[in-house]
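User: Hi! I am new to reading protein models. Could you take me through this one by question and answer?

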Amino acid sequence: MPTCHVYIATSLDGFIARPDGDIEWLHQWPDIGDDYGYADFMNSVDGLIIGRGTFEKVLSFGKWPYDKPVVVLSRTLDPEAVPADRADRVRILALGPTEVLDMLRREGWSRAYVDGGRLIQSFLADGLIEDMTITRIPILIGTGRPLFGTLPHDVVLTHFETTAYPSGFVQSRYAVGRVA
Ligand SMILES: NC(=O)c1ccc[n+]([C@@H]2O[C@H](COP(=O)([O-])OP(=O)(O)OC[C@H]3O[C@@H](n4cnc5c(N)ncnc54)[C@H](OP(=O)(O)O)[C@@H]3O)[C@@H](O)[C@H]2O)c1
């Protein structure tokens with residue numbers, strides 16, 4: 001199966017978006033001329049698996065931000081809802097996490113970027129996330145869509161490294177599970 005990797009930004013109080021999905025608060029910071037490892041991370045994956053909430057937000061950008069193939073997991077979206085100009089790169093599938101990973105394995109993927117709060121929570125609950133890079137933004141937004149939620153069991157993490165940037169962003173990388 002492809003391994004699954006998270007690269008995401010949260011407010012210091014743990015939200016990835018406001019309740020209405022707004023993420024403008026992520027983009028109001030001075031450009032420090034550093035992409036926080038995003039390009040290297042993107043280059044390391046074969047493609048993305050995203051939830052419907054993330055897909056709907058990305059569609060609202062107007063410009064499609066990904067070069068890599070994207071699989072959208074949704075049981076409610078019409079599989080034909082992919083805009084025609086992205087049909088070669090985007091699929092909407094009503095599959096569970098293990099099913100989609102099995103399909104992507106057969107397609108030759110070895111590393112997947114999993115994105116979207118509820119989707120990440122579900123992959124974590126199923127023990128399918130290998131590592132997480134979490135960038136904490138120095139802002140409290142009080143309420144919103146959380147990165148983490150309830151779990152069927154504790155998930156122990158191994159801390160690899162933390163980098164504090166001049167912007168005030170603090171990025172930590174964790175393996176999921178105990179790593180000797
Ligand atoms: N801060 C950041 O770096 C960052 C990163 C990514 C996203 N975001 C923001 O976060 C928001 C989206 O996150 P979100 O947590 O609301 O939604 P999400 O995780 O992107 O999508 C959740 C939806 O995905 C579908 N889904 C299919 N299989 C699923 C599964 N196994 N587990 C969970 N959901 C599954 C469900 O839709 P159906 O009901 O259609 O099946 C579910 O409602 C957007 O505003 C986006 O802009 C921020």
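Analyst: Happy to! Helices (H or I, at least four residues) and strands (E, at least two) are DSSP runs, numbered from the N terminus. Residues are numbered from 1 along each chain as its sequence is written. This is a predicted model, where local features need pLDDT of at least 70, side-chain atom pairs count only at pLDDT 80 or more, and totals for chains, interfaces and linings use all residues.

User: Which residue with a positive phi follows α3?

Analyst: Helix α3 covers residues 97–106. After α3 comes a residue with a positive phi, near 95°, and that residue is G108.

User: Which exposed residues does the face of α3 turned away from its buried side carry?

Analyst: An α-helix has 3.6 residues a turn, so residues three or four places apart point the same way. On the face turned away from the buried side of α3, the exposed residues are T98, E99 and R106.

User: Is G37 buried or partly exposed?

Analyst: G37 sits in the loop between β2 and α1 (38–43). It has 15 C-beta neighbours inside 10 Å, so G37 counts as partly exposed.

User: How many residues surround the ligand?

Analyst: Here a residue is near a molecule if its C-beta atom, placed from the backbone, lies within 6 Å of it. The closest are G51, G53, G116, G117 and S122. Elements giving two or more residues to this shell include β3 (47–51) and α4 (117–125). In total, the number of residues around the ligand is 27.

User: How many bridges join β9 to β10?

Analyst: Two strands pair if DSSP finds at least two bridges between them. Strands β9 (residues 157–164) and β10 run antiparallel, and E161 stands opposite R173 in β10. The number of bridges joining β9 to β10 is 7.

User: Which residues does F123 touch, not counting those up to four places away in sequence?

Analyst: Two residues are in contact if their C-beta atoms, placed from the backbone, lie within 7 Å. Leaving out residues up to four places away in sequence, F123 touches C4, P97, V114, L128 and I129.

How values were computed
Buried ≥ 20, exposed ≤ 12 C-beta atoms within 10 Å, placed from the backbone.
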